[in-house]
Amino acid sequence: MGKASKDKRDIYYRKAKEEGWRARSAFKLLQIDDSFGILKNVKNVVDLCAAPGSWSQVLSRRIYLPAKEKGLSDEDMPKLIAIDLQPMAPIEGITTIQGDMTSMSKVEEILAHFTDGRKADLVISDGAPDVTGLHDMDEFMQAQLVFAGLTVCTHILADGGVYVAKIFRGKDVALLYSQLKLFFKQVTCAKPKSSRNSSIEAFVVCQEYSPPEGFEPDDLSRVLHERAKGMLQEDAHGNALGTMGWPTECIVPFVSCGGIDAYDSDMSYDLPTYIDEDGVERVKPSLDPVQPPTEPFYKMAIERERAKAQSGKKSAKQLLHEEATRR
Ligand SMILES: C[S@@+](CC[C@H](N)C(=O)[O-])C[C@H]1O[C@@H](n2cnc3c(N)ncnc32)[C@H](O)[C@@H]1O
């Protein structure tokens, strides 16, 4: 798809470039904030699965830059930590960590930023695994990222704090809701207008962190497992058959975020125009993305091909072409 065509079909892609966001995802966080006020009076935030960094940009613009403007002392400045598997180009006020947030060593690296007694007010996760197309598998992998985020919450989220995480609304989502409800007084399923209707993606907005009495972070797997056990159906031989229906404790409110005047992400919009010096209406040129990928997956392949070309060896493409024309 050409850039102009994508601009037309995806209004949020175009708006992101116009407003200087690295990804259209920025609008998802902004629309969730419109409905839930999650960024209000917030100082310390952990952004899990943050690359290329549009959510971190929102944190920088909404939390870091206003604090800097006020000239706060170092101690009073917000603490904003971001982690991703991919490297991330720097963003003012954001400390970045590269690595797998499901690994304990990386979780410890995040926690190391909170040894001064500070707690996080907000943990956000827009993480998504590489989707396989096998829905059960994708939903399971997505849930693992949600639990990894919950692990971080159990160590550093302040009482009353908020956790926002991307989920896939698959057939076992009820179990996930009920597990999150053990730790938060209010759990809501939020669908920002910038998230396509055709996508099973949504976000859980978990408010008022309040773990079970006497809970210790090391107990997390046991507590989650106990809750799951009560909801799993088994056959006569004890084999798991799946999750039971929808007991009332699993029902959570659903909120569409972004207001009725927000752009519809499933619609095409006309491209913006301008009148040139001859009075002719023209389509404005398409903008380049704000931040090209720092380490794109295709970079290695290009470098390999370039090295081959320089050494006089034939590239894979040339060999395939020769093979095809010989037949
Ligand atoms: C949809 S993107 C996040 C977009 C980001 N919120 C933004 O606004 O730019 C999903 C990210 O999840 C990251 N991710 C997936 N699994 C991860 C893991 N186990 N640890 C850290 N990051 C992970 C991917 O590398 C990818 O950058």
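I began with the second largest pocket, which 23 residues line; Phe140, Ala143, Phe147, Asp172 and Leu175 lie nearest its centre. A pocket here is an open set of points on a 1 Å grid over the protein atoms alone, where a 1.4 Å probe fits, with protein on both sides within 12 Å along at least five of seven lines; a lining residue has an atom within 4 Å of a point.

I noted that the model is predicted: local features need pLDDT of at least 70, side-chain atom pairs count only at pLDDT 80 or more, and totals for chains, interfaces and linings use all residues. Residues are numbered from 1 along each chain as its sequence is written, and side-chain values use heavy atoms, with hydrogens and water left out.

I looked up which elements give two or more residues to this lining: they are helix 6 (135-156), strand 5 (157-168), helix 7 (173-180), helix 8 (220-229) and strand 9 (240-243). Helices (H or I, at least four residues) and strands (E, at least two) are DSSP runs, numbered from the N terminus. Helix 6 gives the largest share, eight residues.

I then checked the volume, and the second largest pocket holds about 450 Å³ of space. That volume is the space filled by probe spheres set on the grid points, which are joined across faces, edges and corners.

Next I turned to the domains. The assignment, which is automatic or from a database, gives domain 1 (3-257) and domain 2 (275-326). Their centres, taken over C-alpha atoms, are 34 Å apart. I found 13 residues of domain 1 and nine residues of domain 2 in the contact, where contact means heavy atoms within 4.5 Å. The two domains bury about 930 Å² between them, 60% of it on carbon and sulfur atoms; buried area is the accessible area (1.4 Å probe) that two parts lose on being put together, summed over both.

I looked for salt bridges (a side-chain nitrogen of Lys or Arg within 4 Å of a carboxyl oxygen of Asp or Glu). The whole structure has 17, and the count between domain 1 and domain 2 is zero. I picked out Arg196 and Asp10, whose side chains meet in a salt bridge at 2.8 Å, N to O. Arg196 is in the loop between strand 6 (184-192) and strand 7 (201-209), and Asp10, 186 residues apart from it, is in the loop between helix 1 (3-9) and helix 2 (11-19).
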